[in-house]
Amino acid sequence: MAKTESVWVKMSQVDRRWLFLALWIVILLPYFVDLSLPLKISKMSQDYYNYLNNMPKGSVIIWGWDVSFAGWSEMEAQGVAVTKLLFKMMKEKNCRIILMGYREECGHLPERVLLQLGMHPTQNPDYGKMYVHLGWLPGGSVGMSNFAKNMRAVLPKDWWGTPLDNLPVMKGINQIQDVNLVIYIESGGCEAAINQYVVPYGTPLLVCAIAQNVPGNMPRLDADLIKAMLAGIRGGAELEMLIKELGVGNINITGISTTHLVIIGFMLLANIGYFMRKSRGET
Amino acid sequence: MSLIVKGRLFSGFFLLLSAIVILMMIEWAKRGRKLSLRRIAALDAIDEAVARATETGRPVLQHGGSDPSGNDTIANFSIMNYIARNCARRGTDYIVAARSTAGLPVIREIVSGAYEAEGKLDVYDEYHTIRFGSPEQFAFASFFMDTVATEKPAFTFMAGGLSGEALTLCESAVLAGSIVISGSSGQLAVLFAASDYFLIAEELYAAGAYLSGDPLQMGSLSGEDYLKIFLVSLAVIGIASVSLGSRWLFDIFNM
Amino acid sequence: MALILKRREIPILLTAFFAVYMMVAYHLTLPWLSETSQFTKDLQTFSQILGVMALGLGYIAIVRLHVGYISRRVKHPQHWLWSAWLLIVLAIVTIVGLPIGGFGVRSSQLRWVYDSVLLPMRGAMYAVVSFYIASAAYRVFLARNREAAVMLGCSIIVMMTNAPVGELLGTWVGDLGSWLLKVPCMAGERALAICAGFGSLVLAWRMITGRETGYLRGAREGGAE
Amino acid sequence: MATLEETILAFLTVWGTLCIYSYTFKDNPFWKWATNTLVAGYIAYSAVVNIDWLLNSIIIPMTKNMNYIHLLGILVGFLWYFRFWKKYFYIYRYALAMNVGASIGISLPRSVRSDITQQIGATMLKLYGTGTLLGDFTNLVIVFSVITAMIYFIFTIKHEGPVGTPIGWISKVGRWVLIVTFGVAFGNTINSRMALLLGTVYTLMKPDNKIYFGILGTVILGYLIGTELLERRKVAPEIITTQKPD
């Protein structure tokens, strides 16, 4: 009798390091065994893609980065996929792309992605004609509000020090009203972008949200403050499929399946152990 | 050309209304208006948890909160006063793990004040009670977990600017066998799941107001409640009229 | 003189002036008092630069803290030798990042620090929390009572919606998961957002009228002992 | 063949990441090394990029074209540093007060619209006649949930008496709405954290980094397990429970 009791107790009292070990195993597993599953594209990602893809010719798009170092591990898929899509639109529809960051980390981050895509100014002569990286904008909402009214006062030069007046892409763009769309990739909430761009000026806003912030952004999506939203790594993987360029999102989404299964498995284990103990009147 | 920008009239009106209602209620509370609050389960739990700590002879640990500027931290300070007095009265070991340099003097003031009010200043040892970790998020987390591991508190209270690291703090305290009561306006889901009792956002402010009896906090709470009732009634009217096919309230909102 | 400067009223008046001016200017269209008037723009630029000028506060505070640890040869909260290492790294990154002698923010050296130290390590730091959330899920999600059972159920459905493996169970999982997200969860988050909005309203009005001076309180240095 | 620079970069990336991960096992010197390096690196990095913005966007343009507002901003900005001067620390409050005031003034009127009025506006939904049964039901659930959850956050009415008792019931329903919300949010948080973990592992498993991951991972894990075993031998085994007694 005593022996069977301890099994149920053990089931709900496994040392958490075993759980950590199990997680490590299933995280590394997809690198050795092909476990990829088909991915159904959700309505939210489809809406996002459609909204962006239906932008008229010659639109001016701000591609704003507000991702922390930590958030980048999750947002890399979205960040790279959206950048690829924007450059495709730039080539096909003559859209002008303005990259910029909203926190300290985000001066270097877009530069990193440009390097990866071969669009760094040292690699691509089109820089400055159709797209530009403005560097990062300090000051949080105060800075954003200021930028919306008078861009050149707060960011007179691009990230590499060229004055904006010398860059053809910035011709005629002085305030937020000259911009057709703001895309905002965030790991810490999108309230500032909504308050400074959408509420006063009505500029359409697309958000790439970290999965953790998706529930918090839902009321804003529902109230039409956000036009469309990409959610977490799954959104990134789905966008990669929509633009037909598979990348890091599609590699990691398999790991999402395996890790989620392990966590759910452990949850069920704990519950079975709990209920067995309860039915034996041990709790 | 009107005096007020189109689309900003209603929100401006609401801003003004909120100022009037909140300030009026604060004034009224200061003049001695008695307010009664609804029961908050986690508050009763604080007393029980302190009692349990006293019985077991293990300490009570409190998170000192981040910089003293947000609502969360202000509420945490009110609760800190309450818990510190409670511990001083019962002679229970009380420890604050401080995170912010700016908050440290405030914490000292509150805790020494609480011990003084209970006439236990002779047993108050500042270096034992108030421990400073680091202002940096994860360095503090590791310090907090160290403290939990060495002190093995019976009751841990956490509030005031908790963010990404909050879960690790909560987990370590629970694993050390502590009752955890937390309150926060961020990381809600995670903390709600991981702690024994959780003060959901505004509940934390209400708890702070209730425990301190501070007319400023009480008055604000009551002012907020009137505004909420006003908004809920607006919403009900709006839903009724929209269901009947009229959108006049929307037009007012967008004025 | 010092006594006058020390009074709380001056900072409170400053807060009130900046806040009320910006709020009024946001709503009005007068040529001298509107959001786009020159004075408003100047005031905003001024505030932004003022905010950025606080850049050294954290830096100096951390240097003082760790110099204190080293001079007292402390063992807690960490051994003073670690503090010495911290100061060395601080010095190296600062030198690499300042625009002197070929270094600077856009130099390959700082990008190197960014790529090899900051980005991966900061990411890993948060990823440590991932392990804890897994263990928290294992520990707390016992269907002890109805509340916990409902929360457990919702979480599992949403997790299966987010992971492609959920589709193996049928399309209903995804449909139910996104309905939960778009309807009840959205509504709950909306109530929370409204209440958070009220929280900030209350705090702001208390600060503007000088009833809440917590943010000015205790800003005395020398606390970090 | 990778260059020396690439080799060092790959090595450092893996080393730093693994040092931090070692904390999931227990507190150890690798973790101490990593946290101290990271804190210092991050603070220095944010300081230098802020200085860079000031130089590039404000100070250098000012030398060509004097802007007195910018100059005033910089001069007043030095008030922050009175914080470290014991005698005159209170002057620091001026800068703080202006900063707080400006951010309140800029965010508050806008967030009243985005967080309050627009949200209430979006809750005013048709309760019937949306065309589908699911549509009607969905609208009903949204309206009902928002209102009950808001009433849950009303505190100054006691849940007794003719007015209080029904409010008490409504707020109980509101609590259930919040619980569902938290359940969904918890699921999403798990997703987020796992994605984060997978992202860092993806970096470790890059072709350049893989080999160091293998070597360093073994070394660090070996150290951790070794010291753990040594400690266990020293102290009498203690029962580790992950479950708090019910």
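Let's start with two helices of chain C: the axes of helix 7 (residues 146-162) and helix 8 (residues 171-208) come within 8 Å and cross at roughly 115°. Helices here are DSSP runs of H or I with at least four residues, strands are runs of E with at least two, and both are numbered from the N terminus. The axes are lines fitted to C-alpha atoms, for helices over the stretch in contact, with angles running from 0 to 180 degrees between N-to-C directions. The crossing of helix 7 of chain C and helix 8 of chain C is left-handed, a term for a near helix turned anticlockwise from the far one by less than a right angle, with clockwise giving right-handed. On helix 7 of chain C, the contact is made by Cys154(C), Ile157(C), Val158(C), Met160(C) and Thr161(C). Helix 8 of chain C brings residues including Val173(C), Gly174(C), Leu176(C) and Leu181(C). Two residues are in contact when their C-beta atoms, placed from the backbone, lie within 7 Å. By class, this helix pair's contact has eight nonpolar, four polar and no charged residues; Ala, Val, Leu, Ile, Met, Phe, Trp, Tyr, Cys and Pro count as nonpolar, Asp, Glu, Lys and Arg as charged, and the others, Gly among them, as polar.

A word on the model: it is predicted, local features need pLDDT of at least 70, side-chain atom pairs count only at pLDDT 80 or more, and totals for chains, interfaces and linings use all residues. Residues are numbered from 1 along each chain as its sequence is written, while chains are lettered from A and ligands numbered from 1 in the order in which they are written.

Now step out to the chain partners. The contact between chain D and chain C takes 101 residues from each of them. On the chain D side, helices 1 (4-21), 2 (29-64), 3 (68-77), 4 (92-123), 5 (133-152) and 6 (161-204) each supply at least two residues. That side has 64 nonpolar, 30 polar and seven charged residues.

Chain B meets chain D as well, with 40 residues of chain B in contact with 35 residues of chain D. Helix 10 of chain B gives the largest share of the chain B side, 13 residues. The chain B side divides into 27 nonpolar, eight polar and five charged residues.

Chain B itself comes to 11 helices and six strands, and its C-alpha atoms fill a box of roughly 65 × 40 × 35 Å along the principal axes.

Asp52(D) sits in helix 2 of chain D. Asp52(D) counts as buried because 22 other C-beta atoms lie within 10 Å. Helix 10 (residues 232-242) of chain A is mostly covered, with 10 of its 11 residues buried; among them are Arg234(A), Glu238(A) and Glu240(A). Just after helix 10 of chain A, Lys244(A) takes a positive phi of about 60°.

Finally, Leu205(A) is in contact with residues including Val182(A), Tyr184(A), Ile194(A) and Ile226(A), leaving aside neighbours within four places in sequence.

How values were computed
A residue is buried if 20 or more other C-beta atoms lie within 10 Å of its own, exposed if 12 or fewer, and partly exposed in between; C-beta atoms are placed from the backbone.
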